[in-house]
Amino acid sequence: MKLPLHERERVIIKSREHSRVLRQPIGAFLILTALCTFSIGYLSRDDLSDWLANNADVWMIVTLVLWAVLVLIWSIVPWVRWMRSLIVLTNERIMFRSTYSQGQLQSVGLFTVRDLVAYAKQNNVLTRAGTLDIVMNQGFVRIAHVPSVPYFRSLAMEAMTNLRSNHSVAHTETNSSEEMGS
């Protein structure tokens, strides 16, 4: 996917939501597959009652169709949403598309950010995935499932510092040139 970047904007880090979001869809897939194979195995037995044996082929088809529909809803759709998720840090803004958004790429300019607060659970020491709150003057934006959230926060704070120092240098140069012209 091509990112809508400004003229001098550069990507610092690009990622998607942490893969732990996929735990529930994978679990649903495994449970549904186990139930489906058990049902088909049960329906293919020879010692079924007469009313069930007469319609066993129909029940097998119903079982397979039900499995396919539920796997589509509970496993494939969340996986596609996860594949479309995006978290990008540039030298000017933070862009993100979460799994539950309508598909629009949202962005927050680094100039409007007052602080970044990273939350990671203690039992998440290996992945250090967590939530990032972007605190602004008029509220905050929460980005969930950020991989290695402390590292992402440190990169974002460094980008904010660089952006503000570059802006103050450019502002000083503009004022100096205006004074020389008067």
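Me: Leaving aside neighbours within four places in sequence, which residues is Ile-94 in contact with?

Reply: In this predicted model, local features need pLDDT of at least 70, side-chain atom pairs count only at pLDDT 80 or more, and totals for chains, interfaces and linings use all residues. Residues are numbered from 1 along each chain as its sequence is written, and side-chain values use heavy atoms, with hydrogens and water left out. Contact means heavy atoms within 4.5 Å. By that rule Ile-94 touches Val-88, Leu-89, Gln-106, Ser-107, Val-108, Leu-110, Leu-116, Ile-134, Ile-143, Phe-152 and Ala-156.

Me: What makes the pair of Thr-90 and Glu-9 side chains a polar contact?

Reply: A polar contact is a pair of N or O atoms within 3.5 Å; within protein, one must be able to donate a hydrogen and the other to accept it, and residues adjacent in sequence count only if both atoms are side-chain atoms. The Thr-90 and Glu-9 side chains make such a contact at 2.5 Å. The side chain of Thr-90 also reaches the backbone nitrogen of Glu-92, at 3.2 Å.

Me: What makes a set of residues a nonpolar core, and how many residues has the largest?

Reply: The set must be buried Ala, Val, Leu, Ile, Met, Phe, Trp, Tyr and Cys residues joined through side-chain atoms within 4.5 Å. The largest has 19 residues, and Ile-94 and Phe-152 are among those with the most contacts inside it.

Methods. Buried < 20%, exposed > 50% of the residue type's maximum accessible area, 1.4 Å probe, protein only.
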